[in-house]
Amino acid sequence: MKKIVHSIKNLRKAEPERELVQQVLEFREEGSVSVPWARVEERMVFRREKRERVATRAEMELPREELERLRVEARGLRKWVKAKKAGVTQEVVDGILKGWRKEELVMVKLVEPLCRNLDRAREIVEIKTGGLVVLSKKDALVVYRYQSNAKLFQKDIEFGPPKTTSMNWLLDNDVGSTNESLYVREANRLLDSLGPRFVDWWYKKPLPVDADLLPEVVPGFKPPFRLCPPEERPKLRDDELTYLRKIARPLPTHFALGKNTKLQGLAAAIIKLWEKCLIAKIAIKVGIPHTNNQQMGQELKRLTGGVLILRNKFYIILYRGKDFLPGKVASSVHEREIELHDQQLLEEEARAKAIAAFDSINESIQGTTKVGTFSEFKEIQANYLPLNSVTSSEKINIEAEKQNVVKQLKDEEHKLSILKLKIDKAEQELTKLNSLWSPSEQSVDRELLTVEERQSFQKIGLKMDEFLLLGRRGIYDGTIESIHQHWKHREVVKVITMQKALQQVNYTAKLLEIESGGLLVAVEKLRRGHAIIIYRGKNYSRMPKISPENLLTKRESYQRSIEIQRRGSMKYFARKKEQKILELKQRLRYLEGKAKELDSKEVQDEN
């Protein structure tokens, strides 16, 4: 009761404040005076409208009591026909029809991607089997053996839809086709002009064109004529490529493809589509073996001349290009080029007649020169360079290889000089970092451990689950601080290092012993790395400052490790360069000796 009374009092106190705010707002509306502290934001909340549920064919055609009875029986089914990635194939349809000969209900199990869109899966099953889906689960559909003709149950009558390849029957029996949006109707009108539709499409409408049903070879097919506009490059910029990929995302899928080669029919359909759309979006059928999206993309790019803006295991998206010309425009440009070519031929004939007329006037000029003519080239070959001889051709090959080796040698020496400069710079950085720390001196007054104590501490350390891992930074002030934190709760600390050389491991263990002030118990080889076990000592007392000042900080030790790694890698590549330079010099000496041998052989032949 006290809480209720207190809340009522607070409400009464808030009433005058609300009246004051209301008066200020009225004054603000009248005088248009800006009062920041009295601003009230009005928010409009738009609730998402629920999608109206569309009644299925089973709900429209079956009585309610019959539908409920079938759904109760469907929930008890334990056997099913499995539809794989390829969707509702003929094998699945045959399994459903076979099950209908014994039972009136058959369950179909679906996998991705068809199970993502159960509405579309229901339509496909009803279209291909002629039955009714009475129950939809998470990844399964239950199909009822429903036909209007009672003679269907006779053995001489075949189950399923009528044997026809026309799309009219499929579209007429498609649920909700009369309530399609304008967008879907326009897309269907465009895709109907390109080829037969892919009925097993697992996503929302419109259905794409089945590219596998298009002709493999088109007589007289050739890539389209292309001409880029003036002052425009055909290559796409990065921002243009990003924009095209962005606008391609909401577009409907135009084609569904499941084969790698013989795609002339698809290429012709894509060229026809490009006259009305900038982008052709092709989906790759799932569940079909040996599909290769890389081979598909290269083949389509070769046939159409388009720009491949996206290719993965799901989609291939082709842009028609900046230099694409529609059919009528291309034919007009081609005719104009033919006219220009004919005009050039006429001009060339007129020019030849004019030259002949001037030659008849200048008959007095009789002398002609051979400079820069083909006859001069042939004369030089015959007199000064006997190319037919084996010796001269060998000399030419040797000289060409020699020049190539000299060029490679110069490049490798230049790269080696750059590497040496970088190594010197890394050495200077390491010298600067090494000068920032100095190891402590080992104490003379040390405790002594007996053999039994050392063995006992060694067993304790090896069995410990807690350990301190030394990374690429090595030993720095944080490492010693962590060791003292371990010694706060236990007498022994186990440090694991991934160093491989035993000399480095022993140096690390000795440095840890000196800097921490403990006693080194053992260094043991593990499956991966080494374990360093250090005992804190019998007279151990926690120091007021456990972080030493003579070691590097965490950042400095990390920078030092990077410089060591950089120096090591550059020294490795410098050795490789020196070895390659030595091989090139040997090769150069060999070629020079071979050239001298050929010269001496030519002198002997002349004598």
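How many aromatic pairs does a search of the whole structure find? The model before us is a predicted one, and the search returns 8 aromatic pairs.

Let me begin with one of them. Phe198 and Trp202 pair edge-to-face, with 6.2 Å between the ring centres and 85° between the planes. Phe198 has a relative accessible area of 8% and is therefore buried; Trp202, at 8% relative accessibility, also counts as buried.

Lys109 lies over the face of Trp80, 5.0 Å from the ring centre. In another case, the charged end of Lys281 sits over the ring of Tyr315, at 5.2 Å from its centre.

Trp80 leads us to Val142: the two are 62 residues apart in sequence, yet their C-alpha atoms are 8.9 Å apart in space. Val142 belongs to strand 4, residues 140-144. Its relative accessibility is 1%, so Val142 counts as buried. Beyond its sequence neighbours up to four places away, Val142 touches several residues, among them Ala74, Leu77, Leu105, Met107 and Val134.

Finally, I turn to helix 15, which spans residues 477-487 and is mostly covered, with 8 of its 11 residues buried. The buried residues include Asp477, Ile480, Ile483, His484 and Trp487.

Note on methods. Residues are numbered from 1 along each chain as its sequence is written. This is a predicted model: local features need pLDDT of at least 70, side-chain atom pairs count only at pLDDT 80 or more; totals for chains, interfaces and linings use all residues. Side-chain values use heavy atoms; hydrogens and water are left out. Buried means under 20% relative accessible area, exposed over 50%, partly exposed in between (1.4 Å probe, protein chains only). Helices (H or I, at least four residues) and strands (E, at least two) are DSSP runs, numbered from the N terminus. Contact means heavy atoms within 4.5 Å. Rings of Phe, Tyr and Trp (its six-membered ring) pair if their centres lie within 6.5 Å; planes under 30 degrees apart count as stacked, over 60 as edge-to-face and the rest as tilted. A charge sits over a ring if NZ of Lys or CZ of Arg is within 6 Å of the ring centre and within 35 degrees of the ring normal.
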